[in-house]
Amino acid sequence: MKNREILFKMENVKAYYKLEEVTVKAVDDVSLEIFEDEVIGIVGESGSGKTTLSNVISMNIMKPLTLVEGKVFLKINGEFEEISSMSREEVKKKFWGKEITIVPQAAMNALMPTIKMSKYIEHLAQSHGIDKNELLSKAEKRFEEVGLDPLWLKRYPFELSGGMKQRAVIAIATILNPVLLIVDEPTSALDVVNQKIFLKVLMQMKKMGIVKSIVFITHDIATVRQIADRMVVMYAGKIAEISPIEEIVQKPLHPYTQGLLNSVLTPEPEIRKRGITTIPGAPPNLVNPPSGCRFHPRCSYAMDICKEKVPPLKEIEKNRKVACFLYMEERK
Ligand SMILES: Nc1ncnc2c1ncn2[C@@H]1O[C@H](COP(=O)(O)OP(=O)(O)OP(=O)(O)O)[C@@H](O)[C@H]1O
Ligand SMILES: [Mg+2]
């Protein structure tokens, strides 16, 4: 791995949706580091907590979501600042747009059809106290960089195709050159051609230094493999495994990762020879998740300890962490 300078870290974070009757343990005791100059892919089934995790990274925490425990740090000018001790408003004012930017799931559909693209730039200029015309000319340049005619800035979102809209969204989101960019399922709604263009634009932005590190959330392991340095596998609100991308594809450690990779129809011979199987059962309800390892009811390797104890996320090979008793001494 290239640069191991840590840009962001969270420690033992629990972020729960506290509803009237129940609590949804969407992110439960998660620790994660993001390095400078890396692309990190976060994968996991629907409801595994990926979007919630992205909201914790950016401290976009709004009721009913509650940060129950843990700390979140962002490196600012070489020093870690604990952003979890600040309010959402404070983090938003100080760091959003410049240090950290999130492009939410389905962002391109959230653009107001009756608001011109340039209006978003004007809003940004206003909220950051930047000269409007200066930012607009920067936006024109950025639009060109993502392959859009700058004239589109004067158009309404409904006039753009899906692929163009998504590129416009990313152009606007990165206008202040955020250090850390989080994109949540940015390609899911695009056709294959536009997916390719979008990924190219994204990697180009990193190459040009417009953004430094990228968190890419997706269901699509093939995409992660194409662009990411590391992969994080989430299962039921927890991290099952973190690993450099090629190592995890060649040799997935966690039984859930093995199942995930096997269920992806892929031409890769090393994956294909393991056969195509799906993981039996369904992900648990996060109001009342299974005891011990949350994956144990679906795991064909489950041992007694897996029902009783929560496996910690441990480094078991260089740069490879897994939360599974199969790889730990305690199993005996
Ligand atoms: N506003 C909310 N109120 C209550 N529960 C929520 C809320 N948002 C998400 N959840 C629950 O939190 C858990 C994690 O959801 P989250 O959206 O983070 O998953 P995800 O991995 O992003 O899923 P997807 O792949 O479908 O986008 C799920 O059980 C979900 O039902
Ligand atoms: Mg999501």
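**Starting from one bridge**

Modeller: Let's begin with K9, whose bridge partner in β2 is E33. Keep in mind that this is a predicted model: local features need pLDDT of at least 70, side-chain atom pairs count only at pLDDT 80 or more, and totals for chains, interfaces and linings use all residues. Residues are numbered from 1 along each chain as its sequence is written, while chains are lettered from A and ligands numbered from 1 in the order in which they are written.

Step back a bit, and β1 (residues 6–18) is joined to β2 by nine bridges, with the two running antiparallel. (Strands are DSSP runs of E with at least two residues, helices are runs of H or I with at least four, and both are numbered from the N terminus; two strands pair if DSSP finds at least two bridges between them.) Four residues lie between β1 and β2, which form a hairpin.

Now for the whole sheet: it's an open one of four strands, in the order β2-β1-β4-β5, with antiparallel pairing. β2 and β5 (79–82) each have a single partner strand, so they stand at the edges and one side of each is left without a neighbour in the sheet. From one strand to the next, the twist averages 10°.

β2 turns up again around ligand 1. The shell there has 15 residues, and the closest are Y17, S46, K50, T51 and T52. (A residue counts as near if its C-beta atom, placed from the backbone, lies within 6 Å.) β2 (23–35) and α1 (50–57) are the elements that give two or more residues to that shell. The largest share, three residues, comes from α1. Sorted by class, the shell has six nonpolar, eight polar and one charged residues. (Ala, Val, Leu, Ile, Met, Phe, Trp, Tyr, Cys and Pro count as nonpolar, Asp, Glu, Lys and Arg as charged, and the others, Gly among them, as polar.)

Next, have a look at the loop between α1 and β4 (65–76), where P64 is found. The peptide bond from K63 to P64 is cis, with omega near 5°. M59 is found in the loop between α1 and β4 too, and it has a positive phi of about 55° although it is not a glycine. Most residues other than glycine have a negative phi, and most peptide bonds are trans.

Finally, two helix pairs. α6 (residues 162–173) packs against α7 (residues 192–207) at an angle of about 15°, with their axes 9 Å apart. (Axes are lines fitted to C-alpha atoms, for helices over the stretch in contact, and angles run from 0 to 180 degrees between N-to-C directions.) α6 and α7 are therefore roughly parallel to each other. (That label covers angles under 35 degrees; over 145 is roughly antiparallel, 65 to 115 roughly perpendicular and the rest oblique.) Here G162, G163, Q166, R167 and I170 of α6 meet N194, I197, F198, V201 and L202 of α7. (Contact means C-beta atoms, placed from the backbone, within 7 Å.) These residues divide into five nonpolar, four polar and one charged.

In the other pair, α4 (residues 117–127) and α5 (residues 132–145) pack at about 135°, with axes 9 Å apart. That makes α4 oblique to α5. S118, I121, E122, L124 and A125 of α4 make the contact with K132, L135, L136 and A139 of α5.

Methods. Two residues are in contact if their C-beta atoms, placed from the backbone, lie within 7 Å.
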